[in-house]
Amino acid sequence: MPKAARAAPETTQEDWRLRQAREGVSWRRWGPYLSERQWGTVREDYSADGNAWNYFSHDQARSRAYHWGEDGLAGFSDDHQRLCFAVALWNGKDPILKERLFGLTNAEGNHGEDVKEYYYYLDSTPTHSYMKYLYKYPQNEFPYADLIERNKERSREEMEYELLDTKIFDDNRYFDVFVEFAKSSPEDILIQISVCNRGSGTAMIHVLPTLWFRNTWTWWPNQPRPSLRWKSGGRGTTIEGLHSELGWRFLQCEGSPKLLFTENDTNNERLFGTPNNSPYVKDGINDYLVSERGDAVNSSQVGTKAAAHYQIELAGGETFVIRLRLNSTAAIDAFGAPFDEMMATRRREADEFYRALTPPGISEDAANVMRQALGGMLWSKQHFLFDTDKWLDEHGVDPARPETHRTVRNREWFHMNADHVISMPDKWEYPWFAAWDLAFHTIALAPVDIEFAKQQLELLLNHLYLHPNGQIPAYEWNFSDVNPPVHAWAAIFLYRSEQVLHGKGDLNFLKRVFGRLSANFGWWVNRKDRHGRSLFEGGFLGLDNIGVFDRSAALPTGGYLEQADGTAWVALLCQNLLEISVELASDDPAYEELATTFLFQGLMIARAMNTVGPAGMWDEEDGFYYDVLQLPDGSATRLKVRSMVGLLPLCATTVIEKRYRERMPELTAMMREQLRRMPEIRDSIHATGPGQLGTEERGIFALVNEQRLRRILTRMLDENEFLSPYGIRALSRYHAEHPYVFSAGGQEHRVAYLPAESDTGMFGGNSNWRGPIWIPVNVLIIRALMHYYLYHGDNFRIECPTGSGNMMNLFEVSQEIVNRLSGIFLRDDNGRRPVFGGAGKFQNDPEWRDYLLFYEYFHGDNGAGLGASHQTGWTGCIAALIDLFGKIDAHSFLHPTETVSAL
């Protein structure tokens, strides 16, 4: 890889706070760590049948105390979610307070679960010294029932019925509610809520900034109950809180709002028909306001949940500002000019931080996309609490007695104990960590907060998460599902990134993760290579419905699958661990022996995967890799679906710099000897070694040789197959006219090109890998092409798009793909953003069109956003791509002097 750049100077106040945080100052203690949805999660599910959505519903959430976390609008808390802040709203017409986001459950949506609200993560710095959030709240009654009923009526072949479709935002009859946070110090947080009436007529709104303690006293023995109360004396209106771990906290409220107090305890009477222990329960503030029940709140002004009630009447276009301050010592002059000056200072410092971070040559629109993507990444942090041993015990599971836990999920994971802030895929749709998602999150986070990115990767490999057998937990619905092993790639990427940023990589970080990654490698080799042939299984491997059948279930034919993607993932894992061990061996020669293990296993995989013949994954006629179905009678057949499964072998590609070969001559000699002794390996992988070195005398370790590379790229860059105007599709468009059909047991299994939502219920039906564009796998393809470019330089050129006559080197191909991916979010020549599809309000309204959503995946033909709407997680990698290609060019990347890239 290219050498590291000189260390960047500490240029902004936010850089200074990041340095302080590394030194132990608690700038990260408070942040956006509330979930957007705690109801309907596995953690809160105590049902007999494991139906988490039905056991704890949105309707119950206002009345039922959560066990394992909290949620709220513009939620903010300490890093263990002990004291929580969020904004509640009421327009005087809704049947309930708007305390949390509404969405459909998996059974209610025609494409699975889906949030039906409009909210935006507009900005955040890494230490959360400044944050900005926007929620759009209708002035007329929120159409809860209409959304449920209309979506239930629709088939999987129809588009979803969205909130805009209800006409609730017609004539701009809504409020924009902006919430800003600014830290004067690590423990002094300024909060500003700006409510703007976007309609033309006068409208009333109730705004209730709410402070509460997570309920620990019900679930854990000997936990003291904290308290909130009205603080008498002083200026303004103040809620004071006392917690056994946090100590004193104060929420100071500008003006003279009425303070409302209740308890964060379940309303058993409403939900279960049993008496409450106290008249004051979780939904007391809701009932006080909506049901006009004066006795629902505590007139003594004490409790564990409290809100300041602002009732505001706004003329059309008018804005009202509410100022609050959350701190450990009540400020004497909490508001006025000092408050406004500090808020303005933190806004300015955020601008300076992102200005220093953003490549100078990119457009203002691209800079906006990059900043909102990174802001969304930072807003998507959530405190995740899950003591599985306690949870399993509460379900009657005894790990020592198998008969007690045959039907309870995650029963093998009783060692796991999560109590950390984690980067979430989507805090409403996926408010739980997902293993391979989180690896991509670290890539997206690297430009903005390398320390947090490293901490996130280490977290999953920590003994509190990693299974003793070496498996990485997948996600809470089934920790035992198998996700692709991309974590070693993320580790070396973060190490290289830090070399670029600071002139020196963190060897201690590599050492800490290497042993755990090696354990995961052992798990793959021992558990997923059924017959020791270096051909791997793995099930769905994060690609949900991409296969002919559900790859995680028993096959209708019997037998088993040898998976092209599973095998390619393990090949990449070998290459990444080889690269890490070589890097560590430069400091400690003991690691050199370990490097031989990964080198040899990688060569074995290459030999097995590139076997030519009827049972091989490579199809010489099609020039493509396929999964192989091994049948019970000993025969085998390729499942000839042209999908991302067959492109992923490209990704098992790593360039080998000359200095590494010189540093480890014995390892280099061993590889040459193996290739001499086993010419079938030498002939199947990409040529390398003496007489076959590339630009700058680089070598290459790649599954796919040059001839096969050309054949695969010819398909991948064909606009009638994989190359969309907006990136690389997950399934070839060829299958629109030529569906793949496989018959088994009298049933027909069909895979056809579906550029939008899924038409099946496989894996919940809320994601689709049969045609749309997924940014994370595009990132891996771009990485592979850039590695091939480092080897070949201008000596390898290919037509892009296929049939166009336009010849490009692989850097230019990478740039073309990045431009297409970026084009999803950027305004086109007509001022439209493809991500918004046909939503006129999103495209044309000045109060909507520049607020971006980073969806889970994108329409394979028109780039419209699909799936989870706030999956800034791995989709946030678009920021890393804009950043990278804004700073490098083909020549400087190929012939680095002080270098430019961590790829």
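The structure is a predicted model, in which local features need pLDDT of at least 70, side-chain atom pairs count only at pLDDT 80 or more, and totals for chains, interfaces and linings use all residues. Residues are numbered from 1 along each chain as its sequence is written, and side-chain values use heavy atoms, with hydrogens and water left out.

Helices (H or I, at least four residues) and strands (E, at least two) are DSSP runs, numbered from the N terminus. Two strands are taken to pair if DSSP finds at least two bridges between them. An open sheet of 9 strands, with antiparallel pairing, has the order S6-S7-S8-S9-S17-S13-S12-S11-S15. Its edges are formed by strand S6 (119-124) and strand S15 (302-303); each has a single partner strand, so one side of each is left without a neighbour in the sheet.

Within this sheet, strand S12 (residues 237-243) is flanked by S13 and S11. Strand S11 (residues 227-231) and S12 run antiparallel and are joined by 5 bridges, and Lys231 has Thr238 in S12 as its bridge partner. On the other pairing, 7 bridges join S12 to strand S13 (residues 247-253), again in antiparallel fashion. Here Thr237 is partnered by Cys253 in S13, and a hairpin of 3 residues connects S12 to S13. S12 is mostly covered, with 6 of its 7 residues buried (buried means under 20% relative accessible area, exposed over 50%, and partly exposed in between, with a 1.4 Å probe and protein chains only). S11 also pairs with S15, in the antiparallel sense and over 2 bridges; the bridge partner of Arg229 in S15 is Val302.

Axes are lines fitted to C-alpha atoms, for helices over the stretch in contact, and angles run from 0 to 180 degrees between N-to-C directions. Helix H7 (residues 337-357) lies across S6, strand S7 (130-138), strand S8 (174-185), strand S9 (188-197) and strand S17 (319-327), and runs at about 90° to S9. Helix H8 (residues 364-379) packs on the sheet by touching S6, S7 and S8, and its direction makes about 100° with that of S6. In strand S9 lies Ser194, which is buried because its relative accessible area is 11%. Leaving aside residues up to four places away in sequence, Ser194 touches Asp176, Val177, Phe178, Glu180, Thr319, Phe320 and Val321.

An open sheet of 6 strands, with antiparallel pairing, has the order S1-S2-S3-S10-S16-S14. Strand S1 (30-31) and strand S14 (258-262) are its edge strands, each pairing on one side only. Strand S10 (residues 203-213) and strand S16 (residues 305-314) run antiparallel, joined by 8 bridges; Val207 stands opposite Tyr310 in S16.

Helix H15 (residues 590-609) has 20 residues and should span 28 Å at 1.5 Å a residue, which agrees with the 31 Å between its end C-alpha atoms. The expected span is 1.5 Å times one less than the number of residues. H15 is mostly covered, as 14 of its 20 residues are buried.

Most residues other than glycine have a negative phi, and most peptide bonds are trans. Glu292, although not a glycine, has a positive phi of about 55°. It is found in the loop between helix H6 (284-290) and S15 and counts as exposed at 70% relative accessibility. Gln301 is found in the loop between H6 and S15, and its phi is positive, near 60°. With a relative accessible area of 24%, Gln301 is partly exposed. A cis peptide bond with an omega of about -5° joins Cys800 and Pro801; Pro801 is placed in the loop between strand S31 (797-799) and strand S32 (807-809).

A pocket is an open set of points on a 1 Å grid over the protein atoms alone, where a 1.4 Å probe fits, with protein on both sides within 12 Å along at least five of seven lines; lining residues have an atom within 4 Å of a point. Grid points are joined across faces, edges and corners, and a volume is the space filled by probe spheres set on the points. The second largest pocket has a volume of about 820 Å³. It is lined by 37 residues, of which Met159, Glu160, Glu162, Gly865 and Leu866 are the closest to its centre. Strand S5 (114-115), helix H24 (840-844) and strand S34 (865-866) are the elements that give two or more residues to this lining, and H24 gives the most, with 3 residues.

Terms used. Contact means heavy atoms within 4.5 Å.
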